[in-house]
Amino acid sequence: MTRYIKKLLIGTSVAASMSAIATTPAFAVNLTRPTNIQFTTNDVANTSANKPNINTWTYAPGTPVYDNTGIGGVKRRVLNDYSNYGDTNKAIAALTDNDSATNVELFTSGETVTNHVGFTANLGNKTIKIESVTKADWADGKLATGWLTGFRNAYSGLLSSSTLGGSNLLTLFDANFTSLVGYLSTNGFNSAGDPNIGDVTYNQQTGDLKIDLVGHLDLSGQYLNPATSSRNSTGNQILDMMLAKISQTAVLQKKPLQISEIAKVTFNNEVNYAFSFAAIDSGAIAGDRNKTIDKTSHTGIYSWTKSYTTASVPEPSALLGLTVVGGLVVARRKVAKKLTSQ
């Protein structure tokens with residue numbers, strides 16, 4: 001009977017301790033944001049200014065300003081503090097304010113990106129570099145293949161429901177895929193290389209790096225005839241005609257056409273390119289846009305996420321559990337010894 005009581009007491013102690021472990025709430029995951037942000041001083045437009053070739057869009061202090069003349073007539077907060085050329089203080093504030101709508105444009109002096117403009121920053125104990133994209137970045141075909149594959153995956157539906165010269169666009173796209181890769185690898189894509197960076201976060205537990213790019217929630221109106229606009233033209237006749245056709249289809253089907261700009265990302269000694277074909281509403285709109293012809297500037301947020309391999313680190317709750325288990329072993333021994341001596 002005494003032996004039974006000893007086992008019962010020890011078992012009860014184990015159960016109580018394990019219950020405490022099970023009910024310990026998991027600690028919230030804290031996302032690491034950039035610190036020690038340093039912009040490159042690379043201004044080809046005005047080298048004497050010794051300023052980085054950047055602009056920033058944010059909110060002016062004071063009472064928020066709203067506008068409902070943009071896409072869909074939605075009431076949006078106006079990014080009414082803008083064009084702060086080379087102002088790194090405002091740029092850093094926009095990148096660290098936990099608001100993806102406020103943003104920094106890298107290489108702001110034109111659509112033809114001739115050199116890398118960007119910044120380096122610390123993400124915890126790691127370093128990241130984010131830059132504009134030049135023609136040279138397309139040369140090895142990696143970016144061209146990835147971008148065209150992503151475009152096809154995102155718009156296979158619109159491509160398959162559009163025709164050009166009697167041919168199905170999806171079939172035409174697949175038949176010309178290799179030549180399109182070759183074209184972009186040689187010529188790049190001018191209007192896509194000056195990205196607007198809204199937010200950067202890194203999850204040190206999962207290794208997930210997330211970059212938010214700010215752009216247009218719906219580009220269908222701007223690509224209806226890209227061949228006549230150097231801003232939106234790829235320069236490739238086939239690809240531009242495809243963009244125009246699926247833009248027409250998107251308008252008819254009341255679907256958005258979403259294409260982000262592209263950022264060059266160097267992280268963990270690895271180069272990748274951040275872009276996306278899916279956006280969410282930013283709830284904001286650019287204050288310097290031409291209201292007559294532009295209803296979509298800075299209305300979309302495109303998120304790019306990549307998982308980087310990290311060393312396995314136990315979560316804080318798991319560490320707490322191990323501590324409790326360690327204490328449990330000691331407590332069990334003490335209980336057993338005390339009962340034995342009685």
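Predicted model: local features only at pLDDT ≥ 70, side-chain atom pairs only at ≥ 80, totals over all residues.
Two of its members, F275 and F277, are both buried.

The count of aromatic pairs comes to 12. A pair of aromatic rings is described by the distance of the centres and the angle of the planes. For F39 and F119 the ring centres are 5.3 Å apart and the planes stand at 50°, so this pair is tilted. F39 belongs to strand β1 (residues 35–39) and F119 to strand β6 (residues 118–123), so the pair ties together parts that lie 80 residues apart in sequence. Both F39 and F119 are buried. In the pair of F275 and F277 the centres are 5.9 Å apart and the planes are at 75°; the pair is therefore edge-to-face.

Helix packing comes next. Helix α3 (residues 142–160) and helix α6 (residues 237–252) have axes that come within 11 Å and cross at roughly 45°. Because of that angle, α3 is oblique to α6. The crossing of α3 past α6 is left-handed. On the α3 side the contact is made by L148, F151, Y155, L158 and L159. L239, L243, I246, T249 and A250 make the contact from α6.

Methods:
Residues numbered from 1 in each chain as written. Heavy atoms only, no water. Phe/Tyr/Trp six-rings, centres within 6.5 Å; stacked < 30°, edge-to-face > 60°. Helix = DSSP H or I, 4+ residues; strand = E, 2+ residues; numbered from the N terminus. Buried < 20%, exposed > 50% of the residue type's maximum accessible area, 1.4 Å probe, protein only. Axes fitted to C-alpha atoms, helices over the stretch in contact; angles between N-to-C directions. Parallel < 35°, antiparallel > 145°, perpendicular 65-115°, else oblique. Left-handed = near helix turned anticlockwise from the far one by under 90°. Contact = heavy atoms within 4.5 Å.
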